[in-house]
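Okay everyone, thanks for coming. Let me put the structure up, and then I'll walk you through a few things in it.

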Amino acid sequence: MTRVLSTEQAKTAITQLQNIITGGFTDQIDALDAQGRILSDPNVWDGNLASQFRADTWPETKVALDKARTELEELNLQLGKISDDIFSAGGNQ
């Protein structure tokens, strides 16, 4: 038999994770992306370091930010399913 345990602490932790994801963390990723795009414009910032930023630093960072956003969105969906299972059906289906 599989043990099923759901405490108020679990419910609170799930809610807090969801609030962090939807309440600001993805907004911060968007803000980082916006500033990175500004700095990637040679009409805004140019020179050796700016070129390195455009060619290497920003593209790698952008990929990491996009991946983080996708994974956070997937986590948020999973948290919703977990929460529903745990608190409406005992999580043992």
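**Packing between the helices**

So, this is a predicted model. Let's start with Leu 79: if we skip its neighbours within four places in sequence, Leu 79 is in contact with Ile 14, Leu 17, Gln 18 and Ile 21.

Now, what makes up the largest nonpolar core? There are nine residues in all: Ile 14, Ile 21, Ile 29, Phe 53, Trp 58, Leu 65, Leu 72, Leu 79 and Ile 86. Two elements give two or more residues to this core, namely helix H1, which is 8–39, and helix H2, which is 48–89. H2 provides the largest share, six residues.

Okay, on to Phe 53, which sits in helix H2. Is Phe 53 buried or exposed? Its relative accessibility is 14%, and the cut-off for buried is under 20%, so Phe 53 counts as buried. Trp 58 is buried too.

And who does Phe 53 touch? Leaving out residues up to four places away in sequence, Phe 53 touches Gly 36, Leu 39, Ser 40, Trp 45, Trp 58 and Pro 59. On the other hand, take Glu 8: that residue is 45 residues from Phe 53 along the chain, and their C-alpha atoms are separated by 46 Å.

Searching the whole structure turns up two aromatic pairs. In one of them, the ring centres of Phe 53 and Trp 58 are 6.0 Å apart with the planes at 20°, so that pair is stacked.

Conventions: Residues are numbered from 1 along each chain as its sequence is written. This is a predicted model: local features need pLDDT of at least 70, side-chain atom pairs count only at pLDDT 80 or more; totals for chains, interfaces and linings use all residues. Side-chain values use heavy atoms; hydrogens and water are left out. A nonpolar core is a set of buried Ala, Val, Leu, Ile, Met, Phe, Trp, Tyr and Cys residues joined through side-chain atoms within 4.5 Å. Buried means under 20% relative accessible area, exposed over 50%, partly exposed in between (1.4 Å probe, protein chains only). Helices (H or I, at least four residues) and strands (E, at least two) are DSSP runs, numbered from the N terminus. Contact means heavy atoms within 4.5 Å. Rings of Phe, Tyr and Trp (its six-membered ring) pair if their centres lie within 6.5 Å; planes under 30 degrees apart count as stacked, over 60 as edge-to-face and the rest as tilted.
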